[in-house]
Amino acid sequence: MVDELQVLRDQIDEVDQQLVELFARRLKLVAGVGEVKSRQGVPIYAPDREAAMLARRRAEAEAKGVPPDLIEDVLRRAMRESYASEKDTGFKCIKPELSKAVVIGGAGQLGGLFAHLLRLSGYPVEILEKDDWDGADALLGDAGLVVIAVPIDQTVAVIERLPVLPADCLLVDLTSVKSEPLAAMLKAHTGPVLGLHPMFGPDVSSLAKQVIIYSDGRGAGQYEWLLAQMRIWGARLQAVSAQEHDQAMSLVQALRHFTSFAYGAHLCAEQADLAQLLRLSSPIYRLELAMVGRLFAQDPALYADIILSSPRNLEMIRRYHRRFGELLDQLENGGREAFIEQFATVSAFFGDYADIFLKESRLLLAQANDSRHHQD
């Protein structure tokens with residue numbers, strides 16, 4: 001029996017080795033694709049091409065008795081690696097006549113990421129940090145693009161400190177709040193102005209499928225080239241007004257970060273045994289705990305600035321706190337039936353999104369469970 005099992009295992013090892021060779025071949029082909037895309041200015045992420053390819057592979061897998069979800073999972077992981085490797089080949093330069101780009105705060109992580117992407121796209125890039133302001137007039141005097149990438153609490157002050165920029169210079173910020181920085185940029189500069197909010201951290205391997213929100217300031221025709229450049233990087237652009245952005249971010253960022261902070265603080269106050277919780281947890285709780293834990297592996301000043309960036313955020317958190325108490329009162333007063341009734345109300349609010357989120361979360365939970373290393 002042992003010999004028979006070993007024979008099968010050896011055959012599986014052989015197939016796995018063939019898979020490694022095939023993936024190595026695929027990555028070489030992807031490198032060639034990246035070079036062509038770079039020359040032609042084709043975005044690294046092509047959603048229609050990706051969807052069509054996955055549909056074909058799923059059909060082929062099903063015809064051979066292979067679970068289509070398995071093939072899709074493998075290919076999506078391979079494509080994620082492909083997008084990261086395509087980035088290293090560089091990108092077509094949309095505006096080669098641009099004199100230069102200056103990233104204020106470019107030594108930071110997010111500013112550094114944009115400086116890197118601009119350089120990969122063929123633009124001359126210079127960095128201006130807080131100790132360089134004595135030479136700011138000379139550095140910014142002939143800039144075609146100025147990117148503000150400083151902490152939230154310093155953004156408006158830095159914008160107000162800017163010297164007069166060339167009339168055709170594009171002034172951009174990368175801050176996670178939009179109304180105040182956009183108003184400050186419009187006041188400080190007479191030329192084109194654009195507000196950006198990258199909805200990702202600086203540690204992303206590629207901008208493929210990453211969301212960048214943009215808010216119009218002034219001169220849409222003069223900043224369209226930058227939008228086109230970011231699309232080539234693979235980003236998904238979402239246009240929204242500065243006011244709508246800040247309202248949405250009260251829920252998407254401020255409230256979400258605060259609830260994670262509060263849950264982590266509660267675990268700390270209870271002196272919870274994290275190792276035991278992980279051993280006893282289901283994949284979904286492990287994933288939830290991971291999302292809370294990752295908050296505390298990052299810069300506390302960043303999250304303090306996001307949460308405190310607007311009185312609207314604190315008002316939202318206070319409403320959440322009040323609603324939390326109301327729901328607890330319902331449980332205490334009405335018990336099980338009150339909970340079920342409220343659950344049904346919220347379920348109706350989510351509608352079809354509930355089933356969509358259920359499907360998406362199953363994939364995430366399967367991946368989280370697969371990555372665990374169990375020990376007895």
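User: Hi! What share of the contacts in the protein chain with a separation of 6 or more comes from residues 24 or more positions apart?
Analyst: Such residues account for 68% of those contacts, where contact means heavy atoms within 4.5 Å. This is a predicted model, so local features need pLDDT of at least 70 and side-chain atom pairs count only at pLDDT 80 or more, while totals for chains, interfaces and linings use all residues. Residues are numbered from 1 along each chain as its sequence is written, and side-chain values use heavy atoms, leaving out hydrogens and water.

User: Thanks! How many helices and strands does the protein chain have?
Analyst: There are 14 helices and seven strands. Both are DSSP runs numbered from the N terminus: helices are H or I with at least four residues, and strands are E with at least two.

User: And how much of the chain is buried?
Analyst: Of its 376 residues, 36% count as buried. Buried means under 20% relative accessible area, exposed means over 50%, and partly exposed is in between (1.4 Å probe, protein chains only).

User: Let's look at helix α6. Which of its residues are buried?
Analyst: In α6, residues 152–160, the buried ones are Ile152, Thr155, Val158 and Ile159. They sit on the same side of α6 because they cover an arc of only 95° around the axis. That arc is taken from the directions from the helix axis to the C-beta atoms.

User: What covers them?
Analyst: The cover includes strands β1 (101–104) and β3 (145–148), plus helices α7 (179–188) and α12 (300–307).

User: Which exposed residues are on the face turned away?
Analyst: Asp153 and Glu160 are carried there.

User: New topic: is Asp173 buried or exposed?
Analyst: Asp173 is buried, with a relative accessible area of 0%. You'll find Asp173 in strand β4, residues 170–173.

User: Which side chain does the side chain of Asp173 join in a polar contact?
Analyst: That of Thr175, at 2.8 Å. A polar contact is a pair of N or O atoms within 3.5 Å; within protein, one must be able to donate a hydrogen and the other to accept it, and residues adjacent in sequence count only if both atoms are side-chain atoms. Leaving aside neighbours within four places in sequence, Asp173 also touches several residues, including Ile148, Pro181, Met185 and Leu196.

User: Last one: what is phi of Gln271?
Analyst: Phi of Gln271 is near 50°, a positive value in a residue other than glycine. Gln271 lies in the loop between α9 (242–269) and α10 (274–280), and counts as exposed at 64% relative accessibility.
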